[in-house]
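Here is a short report on one protein model. Keep the structure in view as you read.

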Amino acid sequence: MKNIITSAIFTLLLVSSFGVKAQWEISEEVKNKKAPNEISQELALKGKKLYNQACVSCHGTPTQADGLLPTATDLGSDKYFDRTEGEAYFQITEGMAAMPGFADKFSDEERWNIVHFIRSYNPESTVDISSIKTINYKIDVKLNDSDKSIVATISADSSVTVSGVKMEFFVKRYFGNLPITAPVVTNEEGTVTVAFPNDIPGDAHGDLEIIVKFENSDLHGTAEFRKNVAWGTHTEYVDILSQRTMWGVGSKAPWWIIGIYFGIVIGVTLTILYVVFQLFLLKKVRNK
Ligand code: HEC
């Protein structure tokens, strides 16, 4: 009987906590709040990056209805289009129930950029969201052997400008990449030219790997170019692992370590044999 009452109370509690759906309470004033900046492709792109970090797991890709939480609205669906930007901003800032608030996690400006991203799905939006999704950046690099100059051009398969992007130039080393210049900003054509230094060691043939990439940016993501060229100084490598050294292993270990090692192994083996032999003698004495 007691059990029945307990489970009845438990069921009641469960039903009441799930059955009552909380409602957003948003005042007219909040709904009419306007974003500090006009919506633009650039801001929506920044918002997209944040959305993919913090929201996509629950809400899914807008329009795809593929979020993990069924109760989390697809923000690119017509179910959401009638909200104002002030409303979206409030919901992202404050959160409700399973929807976390992001006031601490993102700055004001970042939250507005997320709003811009969401709202670019609205059919009335002036931002072409399809172009945001499909931009592919590419780095074309010309390596001029005559004067060892590197001419790098960023191209994008859409109208997004690629001037003013920082490009970085490296040579690959054993542990990480060695920058050969400070980052250089692309001109109006999206191009930069840098001179390769004359004193960078390559291998025995002067070969080294050149790496050109964007400085990691919210807007442009990353793209990379790598190529081997013989622009380095010729360097004979001494393979320290092929010599008998302190850090050598196996047959390349120093003689004295090998000596000590076998000394210990033989010593321990002899000791064990000695003990066994003594036990054997003991047994013999007892049997007499
Ligand atoms: C832990 C899962 C989770 C995460 C992460 C999350 N949300 Fe939500 N979100 C929800 C749920 C669940 C709801 C529905 C709340 C309700 O109405 O009960 C919701 C509701 C919303 C709403 C209101 C939808 C409506 O129908 O009114 C907006 C807008 C929203 N989320 C935006 C975001 C944004 C932007 C992010 C990332 C910055 C985000 N959410 C991250 C779970 C999540």
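What arrangement do the 6 donor atoms around the iron atom of the ligand make? It is octahedral, because these donors subtend angles of 88 to 179°. Six donors count as octahedral if opposite ones are over 155 degrees apart and all others between 65 and 115. Donors are N, O and S atoms within 2.8 Å of the metal (3.2 Å for Na, K and Ca), and water is not among the atoms, so sites may look incomplete.

This is a predicted model, where local features need pLDDT of at least 70, side-chain atom pairs count only at pLDDT 80 or more, and totals for chains, interfaces and linings use all residues. Residues are numbered from 1 along each chain as its sequence is written, and side-chain values use heavy atoms, without hydrogens or water.

**The iron site**

The protein donors are H59 (NE2) and M99 (SD), lying 2.0 Å from the iron atom. They sit 40 residues apart in the chain. Helices (H or I, at least four residues) and strands (E, at least two) are DSSP runs, numbered from the N terminus.

| Residue | Place | Relative accessibility | Class |

**Two crossing helices**

Helix α3 (residues 41-54) and α6 have axes that come within 7 Å and cross at roughly 100°. Axes are lines fitted to C-alpha atoms, for helices over the stretch in contact, and angles run from 0 to 180 degrees between N-to-C directions. α3 and α6 are therefore roughly perpendicular (65 to 115 degrees). Contact means heavy atoms within 4.5 Å. Among the contact residues are L43 and Y51 of α3, and E110 and F117 of α6.

**The cores**

A nonpolar core is a set of buried Ala, Val, Leu, Ile, Met, Phe, Trp, Tyr and Cys residues joined through side-chain atoms within 4.5 Å. The largest has 25 residues. I139, I150, M167, F169, F196, I210 and V212 touch the most other members. Strands that each supply at least two residues of this core include β1 (137-144) and β7 (208-214). A second, separate core of 18 residues includes W112 and I118.

**The whole protein**

The protein has 8 helices and 8 strands. Of its 288 residues, 32% count as buried.

Methods: Buried < 20%, exposed > 50% of the residue type's maximum accessible area, 1.4 Å probe, protein only. Tetrahedral: all angles 85-135°; square planar, octahedral: opposite > 155°, others 65-115°. Parallel < 35°, antiparallel > 145°, perpendicular 65-115°, else oblique.
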